[in-house]
Amino acid sequence: VSSVAAPSSPEAMRSILRDLGFVEAGDLLSRIIGRTVYAVSIRRTADFEKEIGPLSERFDRFVGARGKKTGKRRILFAVYYMNRVTPDDFNAAKALAVDQRTIASFLPVATDTVIPILYDETVQAFRFMDGGTSRRKSYDVALRFFTQHILG
């Protein structure tokens, strides 16, 4: 039996990811498992709404530049550490998550997706929109991986 403490700082999150076999590539940590490429962007911010737009655009450019040549599903965990998560920040994260899940529900094949995850330092807890039980939808597969392997 083993347990993993929830990573309460960006450095602790990076350490857990390195222990899981993720390697640093610029400002991302990534790992390929089967036909899925997991990438994690870890940042500290005071305003999530300003941060997520540029990150999503960068991810879209990356996916567009690489195309589907690799045949792999790409998942980006956008982990933001914040002193306090405001309702506006959480609503922005929830809207992005709903968009990602909606896109996945219409497409029969695995899609590339961005998963916003906020860490509220005042309550010391991660806040994100839960995934479902699907074994095919990228959002569900990714959140299951995150909760099982990173949050332990």
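How many helices and how many strands does the protein have? Hi everyone, let's start there. The answer is 4 helices and 6 strands, and please keep in mind that we are looking at a predicted model. If you walk along the sequence, the order of elements reads α-β-β-β-α-β-α-β-β-α. The protein has 152 residues, and 41% of them count as buried.

Let's look at some strands. Find β2, residues 28-33, and β3, residues 36-44: these two run antiparallel and are joined by 6 bridges. To see one place where they face each other, click on L28, which stands opposite S41 in β3. Together β2 and β3 make a hairpin, with 2 residues between the strands.

Now turn to another partner of β3. Strand β4, residues 73-82, pairs with β3 over 9 bridges, and this time the sense is parallel. Here you can pick out A39, whose bridge partner in β4 is L76. While you have the strands on screen, here is a handy rule: in a regular strand, side chains alternate between the two faces of the sheet.

Next, the aromatic rings. How many aromatic pairs does a search of the whole structure find? It finds 10. Take Y38 and F145: their ring centres are 4.3 Å apart and their planes meet at 15°, so this pair counts as stacked. Y38 belongs to strand β3 and F145 to helix α4, residues 138-150, so the pair ties together parts that lie 107 residues apart in sequence. And are these two buried or exposed? Both Y38 and F145 are buried.

A second pair is Y81 with Y119. Their centres are 5.0 Å apart and their planes are at 45°, so this one is tilted. Y81 lies in β4 and Y119 in β5, residues 113-120, so here the linked parts are 38 residues apart in sequence. Y81 and Y119 are both buried too. If you follow the ring pairs from one to the next, they link F22, Y38, F77, Y81, Y119, F126, F128, F145 and F146 into a cluster.

The charged end of R127 sits over the ring of F90, 4.1 Å from the ring centre.

My last stop is Q124, in the loop between β5 and β6 (125-127). Q124 is not a glycine, yet its phi is positive, at about 50°. Is Q124 buried or exposed? Its relative accessibility is 60%, and the cut-off for exposed is over 50%, so Q124 counts as exposed.

How values were computed:
Residues are numbered from 1 along each chain as its sequence is written. This is a predicted model: local features need pLDDT of at least 70, side-chain atom pairs count only at pLDDT 80 or more; totals for chains, interfaces and linings use all residues. Side-chain values use heavy atoms; hydrogens and water are left out. Two strands pair if DSSP finds at least two bridges between them. Rings of Phe, Tyr and Trp (its six-membered ring) pair if their centres lie within 6.5 Å; planes under 30 degrees apart count as stacked, over 60 as edge-to-face and the rest as tilted. Buried means under 20% relative accessible area, exposed over 50%, partly exposed in between (1.4 Å probe, protein chains only). A charge sits over a ring if NZ of Lys or CZ of Arg is within 6 Å of the ring centre and within 35 degrees of the ring normal.
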